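Here are my notes on the model you sent over. Have it open while you read, and tell me where you disagree.

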Amino acid sequence: MTYSQRSSHPAAASDYTYLEYQIELAAEELAVAVKAQDEARAEAVREKIAKLEDELALLED
C-alpha cells in the first residue's frame with residue numbers, strides 16, 4: 001500500500017498525524033534537554049523519538 005493510499009484512509013491518517021505530532025513534541029523536549037545540558041533526559045528523549053519513528057515507518061509500509 002502506498003503512502004497516498006494509506007493516508008487517504010481516515011484511521012491511518014489519524015495514526016500518522018498523531019505520531020508526527022508526538023515526534024514534534026519530543027523534538028521540542030529534546031531541544032530543552034540539550035539546552036539544559038541534561039544528558040540523561042536527552043538520551044531518553046532520543047530513544048522515545050527513535051521508537052516513534054519506528055512506529056511511523058510501520059505505518060508507511
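**Notes on the predicted model**

1. Let's begin with glutamate 43, which is partly exposed at a relative accessible area of 38%. Keep in mind throughout that this is a predicted model. Glutamate 43 makes a salt bridge with arginine 46, and their closest N and O atoms sit 3.9 Å apart. Arginine 46 is also partly exposed, with a relative accessible area of 37%. Both residues belong to helix α3, 3 residues apart, or about one turn of the helix.

2. How many salt bridges are there in total? The count is 2. Besides the pair within α3, there is one between glutamate 29 and arginine 41, with the closest N and O atoms 4.0 Å apart. Glutamate 29 is in helix α2 (residues 10-35) and arginine 41 is in helix α3 (residues 39-60), so this bridge ties together parts that are 12 residues apart in sequence.

3. Glutamate 29 has a relative accessible area of 29%, and arginine 41 comes in at 33%, which puts both in the partly exposed class.

4. Glutamine 37 sits in the loop between α2 and α3. With 68% relative accessibility, glutamine 37 counts as exposed.

5. Further along, aspartate 54 is part of helix α3. Its relative accessible area is 53%, so aspartate 54 is classed as exposed, the cut-off being over 50%. The C-alpha atom of aspartate 54 is 10.0 Å from that of leucine 19, and the two residues are 35 apart along the chain.

6. Now for the overall picture. The chain has 3 helices and 0 strands, giving the pattern α-α-α when read along the sequence. Of its 61 residues, 23% are buried. If you take the contacts between residues at least 6 apart in sequence, 45% of them join residues at least 24 apart.

Terms used:
Residues numbered from 1 in each chain as written. Predicted model: local features only at pLDDT ≥ 70, side-chain atom pairs only at ≥ 80, totals over all residues. Heavy atoms only, no water. Salt bridge = Lys/Arg side-chain N within 4 Å of Asp/Glu carboxyl O. Helix = DSSP H or I, 4+ residues; strand = E, 2+ residues; numbered from the N terminus. Buried < 20%, exposed > 50% of the residue type's maximum accessible area, 1.4 Å probe, protein only. Contact = heavy atoms within 4.5 Å.
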